Amino acid sequence: MNSVHYNIGGLAGPESKTRVKNALNKIEGVQNVIVDVPRGTIEVKYNEKTSEGEIRNSIENTGYTIE
């Protein structure tokens, strides 16, 4: 299993957490998503069915910037 960690701009409040978590959980291969709103970070554990590029695109398409 692979793991990737991002610093995210624009996370604020529980609705941000829910929005980005729901988007990432729709990707086949994503196993676990941890969103830390106060720190502005997201950690994603995934397998070979997806790629880091797909995860990045999902985060950015949800309206957040990866710093």
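1. Basis of the values. Because the model is predicted, local features need pLDDT of at least 70 and side-chain atom pairs count only at pLDDT 80 or more, whereas totals for chains, interfaces and linings use all residues. Residues are numbered from 1 along each chain as its sequence is written, and side-chain values use heavy atoms, with hydrogens and water left out.

2. Overall fold. The secondary structure comes to 2 helices and 4 strands, and from the N terminus on the elements run β-α-β-β-α-β; helices (H or I, at least four residues) and strands (E, at least two) are DSSP runs, numbered from the N terminus. The C-alpha atoms fill a box of roughly 30 × 20 × 20 Å, taken along the principal axes. The radius of gyration of the protein is 11 Å, which agrees with the value near 11 Å that a compact globule of 67 residues would have; this radius is taken over C-alpha atoms, and the globule rule is 2.2 Å times the number of residues to the power 0.38.

3. Surface and contact range. The protein exposes about 4000 Å², of which carbon and sulfur atoms supply 42%, with areas from the Shrake-Rupley method and a 1.4 Å probe, and with only the protein chains shown counting as cover for residues. Of the 67 residues, 40% count as buried, where buried means under 20% relative accessible area, exposed over 50%, and partly exposed in between (1.4 Å probe, protein chains only). Among contacts (heavy atoms within 4.5 Å) between residues at least 6 apart in sequence, 60% join residues at least 24 apart.

4. Nonpolar core. The largest nonpolar core has 17 residues, and those with the most contacts inside it are Ile8, Val20, Leu24, Ile42, Val44, Ile55 and Ile59. Elements β1 (2-9), α1 (14-25), β2 (30-36), β3 (41-46) and α2 (52-61) each supply at least two residues of this core. Such a core is a set of buried Ala, Val, Leu, Ile, Met, Phe, Trp, Tyr and Cys residues joined through side-chain atoms within 4.5 Å. Leaving aside neighbours within four places in sequence, Ile42 is in contact with a list of residues including Val4, Ile8, Val20, Leu24, Val35 and Ile59.

5. Tyr64 is found in the loop between α2 and β4 (65-66), and it counts as buried because its relative accessibility is 5%. Tyr64 and Gly10 are 54 residues apart in sequence, yet their C-alpha atoms are 5.7 Å apart in space. Beyond neighbours within four places in sequence, Tyr64 is in contact with Ile8, Gly9, Gly10, Leu11, Ser16, Arg19, Val20 and Ile59. Ser16, which lies in helix α1, likewise counts as buried, at 5% relative accessibility; with the neighbours within four places left aside, its contacts are Gly10, Leu11 and Tyr64.

6. Ser58. This residue is found in helix α2, and Ser58 counts as buried because its relative accessibility is 12%. Not counting residues up to four places away in sequence, Ser58 touches Ala23, Leu24 and Ile27.

7. Glu28 sits in the loop between α1 and β2 and is exposed, with a relative accessible area of 55%. Residues up to four places away in sequence aside, Glu28 touches Lys49 and Thr50, and the C-alpha atoms of Glu28 and Glu48, 20 residues apart along the chain, are separated by 9.5 Å. Ser3, found in strand β1, counts as partly exposed at 44% relative accessibility. Neighbours within four places in sequence excluded, Ser3 is in contact with Glu43, Val44, Lys45 and Tyr46, while the C-alpha atoms of Ser3 and Val33, 30 residues apart along the chain, are separated by 9.8 Å.
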